[in-house]
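Morning, everyone. I have one structure to show you today. Please look at the screen, and then we will walk through it.

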Amino acid sequence: MLNTKINVALNQELRKKYGIRRFPVVKGDIVKIVSGSRKGEGGKVIAVSHKTNKISIEGITLPKADGKQVAYYIDHSNLVITKLDLSIEGRYNKIKDITARRNLPAPEPEKPAESEATPVESEPVEEQTEGETIDLPEQEEENDTSTEEDENLEEDDNNEN
């Protein structure tokens, strides 16, 4: 049976803030490597392997012989979480319950990550009824000659009647 959660130690600041020592790591948490050849590096978690208990971090890769970069998986015991992703409602509720039991202030909820482009609110479009007329901008000179010809044709039609 696979262990469904990989607990990673929290840094000193988060330990005091939440009153816990370890918490399950998920994609989106910010971690730092505390031991090994990559000590001091860190970043956002991009993958968690529950089968091997290893974690892949954004920007930390190994080069292959053909020049391609491969994700570098690090053992969970060599990491500390520096920032929890509390945009997941279940995680936020769990932290809130833990802090309440330890008489600590409740954490602030985080909004889910949004795309960098923010939607622009457009002005409401007024609906037109059948009886309204629309003022069009004046036409250019080329179109003015065609309107003169149209007027001449209309006069000829009127003269024939």
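Let me start with a question: in S7, which residue is the bridge partner of Leu10? It is Ile81. Before we go on, please keep in mind that this is a predicted model.

Now step back to the strands around that pair. Strand S1 covers residues 7–10, and strand S7 covers residues 79–83. The two run parallel, and two bridges join them. Ala9 also has an opposite number in S7, namely Val80.

S7 has another neighbour. That is strand S3, residues 30–33. Here the pairing is antiparallel, over four bridges. Take Ile30 as an example: its bridge partner in S7 is Lys83.

Next, the end of S1. Asn11 sits in the loop between S1 and helix H1, which spans 12–18. Is Asn11 buried or exposed? Buried: its relative accessibility is 18%, and the cut-off for buried is under 20%. What does Asn11 touch, leaving out residues up to four places away in sequence? Val80, Ile81 and Thr82. A polar atom of the Asn11 side chain also lies 3.0 Å from the backbone nitrogen of Leu14.

Most residues other than glycine have a negative phi. Asn53 is not a glycine, yet its phi is positive, at about 60 degrees. You will find Asn53 in the loop between strand S4, 42–49, and strand S5, 54–63. Asn53 is partly exposed, with a relative accessible area of 27%.

The other is Asn103. Its phi is positive too, near 55 degrees. Where does Asn103 lie? In the loop between helix H2, 89–101, and helix H3, 141–160. Asn103 counts as exposed because its relative accessibility is 70%, and exposed means over 50%.

To close, go back to our opening pair. Thank you.

Notes:
Residues are numbered from 1 along each chain as its sequence is written. This is a predicted model: local features need pLDDT of at least 70, side-chain atom pairs count only at pLDDT 80 or more; totals for chains, interfaces and linings use all residues. Side-chain values use heavy atoms; hydrogens and water are left out. Two strands pair if DSSP finds at least two bridges between them. Buried means under 20% relative accessible area, exposed over 50%, partly exposed in between (1.4 Å probe, protein chains only). A polar contact is a pair of N or O atoms within 3.5 Å; within protein, one must be able to donate a hydrogen and the other to accept it, and residues adjacent in sequence count only if both atoms are side-chain atoms. Contact means heavy atoms within 4.5 Å.
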